Amino acid sequence: QVQLVESGGGLVQPGGSLRLSCAASGSIGTIGVMGWYRQAPGNQRELVATISGGGSTTYGDSMKGRFTISRDNAKSTVYLQTSSLQPEDTAVYYCNAYIQGTYSSRWLLYWGRGTQVTVSS
């Protein structure tokens, strides 16, 4: 079994910042691309950022310059440093990861349960 657990969400004022973390655990062989997505009420889930095992990154258009994704391969953890948060950034933030299991060559996509980020004064 593989689990992804997010942390670091909460309530923040406009202009503030938060650092989200997502740790993978379980029968992990290799972790490939890791990413963050978000979903606001009534909206579709959208890309926030992704990072490859080698550190290549991609960002959603509205996050460029404000959010930074990083990872610590030794800790099987991906981070999302957010800044200049605005009310429209309010959403549940989910992490995902492509993971090859310890005893399998198959790559499977796993999702965490999400962490709530609320931006409000």
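This is a predicted model: local features need pLDDT of at least 70, side-chain atom pairs count only at pLDDT 80 or more; totals for chains, interfaces and linings use all residues.

Tutor: We shall take up the disulfide, the salt bridges, the backbone angles and the surface in turn.

Student: How many disulfides does the structure hold?

Tutor: A disulfide is a pair of cysteine sulfur atoms within 2.5 Å. The structure holds one. Cys22 is joined to Cys95, with an S to S distance of 1.8 Å. This pair links distant parts of the chain, 73 residues apart: Cys22 is in strand 3 (residues 18-26) and Cys95 is in strand 9 (residues 91-101). Strands (E, at least two residues) are DSSP runs, numbered from the N terminus. The link of Cys22 and Cys95 is right-handed, with 40° about the S-S bond.

Student: Is Cys22 buried or exposed?

Tutor: Buried means under 20% relative accessible area, exposed means over 50%, and partly exposed lies in between (1.4 Å probe, protein chains only). Cys22 counts as buried because its relative accessibility is 0%. Cys95 is likewise buried, at 0% relative accessibility.

Student: How many salt bridges does a search of the whole structure find?

Tutor: Side chains of opposite charge can pair when their charged atoms come close. A salt bridge is a side-chain nitrogen of Lys or Arg within 4 Å of a carboxyl oxygen of Asp or Glu. The search finds four. In one of them, Arg38 meets Glu46 at 2.6 Å, N to O. Arg38 also forms a salt bridge with Asp89, where the closest N and O atoms are 2.8 Å apart. That pair links distant parts of the chain, 51 residues apart, with Arg38 in strand 4 (residues 28-39) and Asp89 in the loop between strand 8 and strand 9.

Student: Which residues do salt bridges with shared partners join into one network?

Tutor: The network consists of Arg38, Glu46, Arg66 and Asp89. Another salt bridge pairs Lys64 with Asp61 at 3.6 Å, N to O; both Lys64 and Asp61 are exposed.

Student: What should I look for in the backbone angle phi?

Tutor: Most residues other than glycine have a negative phi. In this model, Ser76 has a positive phi, near 50°, and Ser84 also has a positive phi near 50°. Ser76 lies in the loop between strand 7 (67-72) and strand 8 (77-82), while Ser84 lies in the loop between strand 8 and strand 9. Ser76 counts as buried because its relative accessibility is 18%, whereas Ser84, at 38%, counts as partly exposed.

Student: Which residues make the nonpolar surface patch?

Tutor: Patches are made of residues with over 30% relative accessible area and no salt bridge: like charges are joined within 9 Å, and nonpolar side chains (Val, Leu, Ile, Met, Phe, Trp, Tyr) within 5 Å. Accessible areas come from the Shrake-Rupley method with a 1.4 Å probe, and for residues only the protein chains shown count as cover. Val33, Tyr98, Trp107, Leu109 and Trp111 make a nonpolar patch of about 460 Å². Strand 10 (residues 107-111) gives the largest share, three residues. Trp107 is in strand 10 and counts as partly exposed because its relative accessibility is 42%.

Notes:
Residues are numbered from 1 along each chain as its sequence is written. Side-chain values use heavy atoms; hydrogens and water are left out. Helices (H or I, at least four residues) and strands (E, at least two) are DSSP runs, numbered from the N terminus.
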